[in-house]
Structures are given as structure tokens and as C-alpha cells.
Amino acid sequence: KDLEAYNKLLEAFIQIGKARTTDSNHRFKKYQDLTKDIRLSEAEELWVGDITYISTKDGFYYLSTLMDAYTKYILGYHLSKDLSSKGCEETLKMALANKLYNNETMHHTDRGMQYCCIDYVKILKRNKIKISMTENGSPYENAMAERLNETLKVELGLEHVFEAYNDSNKVVKEAIRIYNYRRPHLSCGYLTPREAHLQGFGLINLWKNRSNKGIHAFVHPCTS
């Protein structure tokens, strides 16, 4: 019933392009990739973030997300009307408000201006969040965040062209609610991201990691 209602919502707003979301040519400091060969054992050790575009008849809007790499739980998101850093800052503030654990957290994104700018980095440092960034511009360096974008668009319908901002924002909120609360993950022992995040550790990874091409998949050891 939940998914049925969501599909109806989607159909009501869908109307019949491709936007650039990352600009790495800027004056701000770029940080090293600290995620190479990382192995995760609990929630909130690593957050991964990205920006993707949402199409409407009015033009493009920009969805920024922050997801926990271990539990796949989306802690923060914001649909912005432009590519300024404000949308990412709102996403980060939401993630910090939703943080459940006191362990040290690393934040991994591409090297876009939104993540490197002074205001954004100040929030990270003020909250003692380690900063990690991609180095070569390859999507494989931020594979989990890229895969989240694909899931939200292809599986949950955000690839469609919506009528306007309010319509797309309403569907974004519902898509993320379903992703967090209704969609089980093999890498989380077939728990939903919310269930996995509340458990926090000891997840059973049922997904065979295919990272033989250097793809950053942030694997965690299976537990029995």
C-alpha cells in the first residue's frame, strides 16, 4: 500500500536534459582521499555525499544527500534551487541533527566548490568531522553516493521530469522516506537503512563486493 500510494504520487507530478553538478576548478582547498582500503565496523564512521539534478518543466533543481556508508541510511538531504553551497549546508546540518552516535565520523565527497568552500568546511571542523575527497574525478572514487543517486532516480522515480519545484520536493521527501524505511539492503543483512542504523553495528553483509577494479565500495567484514 505504501509503494502504491507513492506510485500514484509520482504519476500525479511527472511531466514529460542533463545538468552539471560538480565544478572542481575553484580556489578553495581540496582534501586527500582518506577512504582507500577503509573497512567499516559501525554506523557513522563514514558519511558519503553527492549532488544530483532533478528535472522539472521550470528547469533543474539540485538534490544533495549525505548517507551513512555502513548502514546506507540517508541522514540528510535538501533540494536546492541553485548550486550554491547553501543546499549542501542544509543537508549537513540535517545529518548532524540526526547523528545518533559519538564515534569519530569521516565525510567523503567529490571536490566540488560546495564541499570545499569556507562556510561548509567550517561546519565540518566545528563538529570534528574528518574531511575526505575524491582525487581523480572518477565516479568510482565516490561509488556509494553515485549508486544512491541511481537508486533514487531509477528505482524510486526521481529521473522523471516534474511540473515544478514544489512537486519535485514532495516526491523527493517521499522517495527518501521509502528508501530509508521500506527498502532492505543485502549489505545490511536485509535490514532497511533505518533498522540498520538503529542497530549500529554487527551487520551481516550478504552482498558480494565486486571491487576488483579499484572501486571504492567501503566494505565491512561479514559477521556471524
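Trainee: Which residues of α2 are buried?
Mentor: This is a predicted model, where local features need pLDDT of at least 70, side-chain atom pairs count only at pLDDT 80 or more, and totals for chains, interfaces and linings use all residues. Residues are numbered from 1 along each chain as its sequence is written, and side-chain values use heavy atoms, leaving out hydrogens and water. Buried means under 20% relative accessible area with a 1.4 Å probe, protein chains only (over 50% is exposed, in between is partly exposed). By that cut-off, the buried residues of α2 are Gly87, Cys88, Glu89, Thr91, Leu92, Ala95 and Leu96.

Trainee: What covers the buried residues of α2?
Mentor: Helices (H or I, at least four residues) and strands (E, at least two) are DSSP runs numbered from the N terminus. Contact means heavy atoms within 4.5 Å. The cover for those α2 residues includes the helices α3 (113-116) and α4 (118-126), along with the strands β1 (46-56), β2 (59-68), β3 (74-80) and β4 (106-109).

Trainee: Is β3 largely enclosed or largely open, and how many of its residues are buried?
Mentor: β3 has seven residues, and it is largely enclosed by the rest of the structure. That's because the number of them that are buried is six.

Trainee: Which residue in β3 is the bridge partner of leucine 63?
Mentor: Two strands pair if DSSP finds at least two bridges between them. β2 and β3 run antiparallel, and six bridges join them. Follow leucine 63 across to β3 and you land on leucine 79.

Trainee: What is the phi of lysine 72, in the turn between β2 and β3?
Mentor: β2 and β3 form a hairpin, with five residues between the strands. In that turn, lysine 72 has a positive phi of about 65 degrees.

Trainee: Where does threonine 134 lie, and is it buried or exposed?
Mentor: Look in the loop between β5 (130-133) and α5 (143-155). With a relative accessible area of 4%, threonine 134 is buried.
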